[in-house]
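Please look through the sequence and the structure shown below before reading on.

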Amino acid sequence: MVARHTARDLRSENRFEVLHALFELGPSTRQELARHTGLSQATVATLVTEFLSGGVLHIAAVERNTGGRPQERLTIAPDRGRIVGVDVAETYVDAVVHDLALGVLGHAEVALDEEENDPAYVVDGIVRAIDGAVGADATERARVIGVGVSMPGHVHPDAGVSVFAPNWDWHDVRIEELLEDLAIPVYVDNPLKAVILSEMWFGVGNAVDSMAVVNLGTGVGAGIALDGSLIRGITNNAGEWGHTLLELDGRACRCGRRGCVEAYVGAPGLRTTLAEIDPGHPLLRQQRQRDFVERVAQGLAAGDPALSVLVLRTARYLAAGLGDLVNLLDVPHITLTGWASEALADRLVPAVRDELPHHVLPGSLAGLVVEPSRVPGNAVALGMAAFTLQQFLTRLGLASPARTRPRPDPEPAGFSRRAGTVPSPGPDAA
């Protein structure tokens, strides 16, 4: 049974339409917001009044047109508070301070020992990264209205609990409680949800409403949006595409299964593949994952033949996994993000595009776009800041759901699908 929309639901969605329009347009009049969102001018006027009363918007300028009433140009009030978005991975904590308009003000990163899995150790790294980022911005702690913390693995946001983090062997770790000493509201979520929200708000969500954002790092996964709505699943576990099957009885995966996509395209999987190609390759002596992937990128630029084979074989694995994702969801756009993707994108993405026609059904292949993310900075931290902004609006009674508005024109000015389009299948395509 499909849930019915209530008037309250629609009002909350309308608030998001206005807020999202301001992120897209910048300073805007009520009339421009009404045209952009398709909402009535009366509705926009009411919602703008609510935002102004909550200090979320302010009047940037008053324009006096000849023969007409003065028009107020509205913008998000950046100084209403500070928000910290935190990206916690197995090898680092990256904390970014944002203003209310989600502009970046300060940043700090703390390295984590990937062999250390004690919650107290990870929490200490989170706190040190937050302190460093807030100090870099010279922000008083009292001005921080919320902290959004992304944790790898299965996360229950409502309870602030890391349900299962396989690389650390965590089970039901109450992260939000462990961060109570911050004395700041904390929102905990999963990086896959953060990256898809970033893409919806600040990336290709301005052009398409259905997409997958594939995050490549120690682990891999996919954030998913369909028809403008972020997909969470019943337990917030949707998107664990990295733990779908690539090879029956294949490589051992840290989740306990064998043959998962992650075991082939995650950073440890790249090391295993290189060991199969050249067991004596000197890069195998690099112990830290990020150092290993960075050296792979440098070796590719230098023409190392074993590393060229590595990237081509990894592209085949990745394309096979993405083919299943596209065949299942029929999404028109795939964005690659994450530190491993960023390091290897120049060689990996073209090779994946070449391979995809052998794995995607023709009906879904036509017009399929695969490209690196255009979201600036750390997409996970930005997405967590956006989630935290939503929580702040909820506390003000101005809740906004995580979605993006359908658009009739999938190719706005300045956006071209051609550069990332996958070629049409030949006669031998699967």
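This is a predicted model: local features need pLDDT of at least 70, side-chain atom pairs count only at pLDDT 80 or more; totals for chains, interfaces and linings use all residues.

**The chain as a whole**

- The protein chain has 13 helices and 15 strands, where helices (H or I, at least four residues) and strands (E, at least two) are DSSP runs numbered from the N terminus.
- Of the 430 residues in the protein chain, 54% are buried, a word that stands for under 20% relative accessible area, with exposed meaning over 50% and partly exposed lying in between (1.4 Å probe, protein chains only).

**Helices α2 and α3**

- The axes of α2 (residues 30–37) and α3 (residues 41–53) come within 9 Å and cross at roughly 120 degrees; axes are lines fitted to C-alpha atoms, for helices over the stretch in contact, and angles run from 0 to 180 degrees between N-to-C directions.
- The two helices α2 and α3 are therefore oblique to each other, since angles under 35 degrees count as roughly parallel, over 145 as roughly antiparallel, 65 to 115 as roughly perpendicular and the rest as oblique.
- On the α2 side, R30, Q31, L33, A34 and T37 meet Q41, V44, A45, V48 and L52 of α3, where contact means heavy atoms within 4.5 Å.

**Cysteines without a disulfide**

- A search of the whole structure finds zero disulfides, a disulfide being a pair of cysteine sulfur atoms within 2.5 Å.
- The closest cysteine sulfur to that of C253 is in C255, at 3.7 Å, which is too far for a bond, and C253 counts as buried at 8% relative accessibility.
- For C260 the closest cysteine sulfur is also in C255, at 3.8 Å and too far for a bond, and C260 is buried with a relative accessible area of 0%.

**T244 and its surroundings**

- T244 lies in the loop between β13 (229–230) and α7 (262–265), and T244 is partly exposed, with a relative accessible area of 34%.
- Although T244 and C260 are 16 residues apart in sequence, they are 5.4 Å apart in space, C-alpha to C-alpha.

Note on methods. Residues are numbered from 1 along each chain as its sequence is written. Side-chain values use heavy atoms; hydrogens and water are left out.
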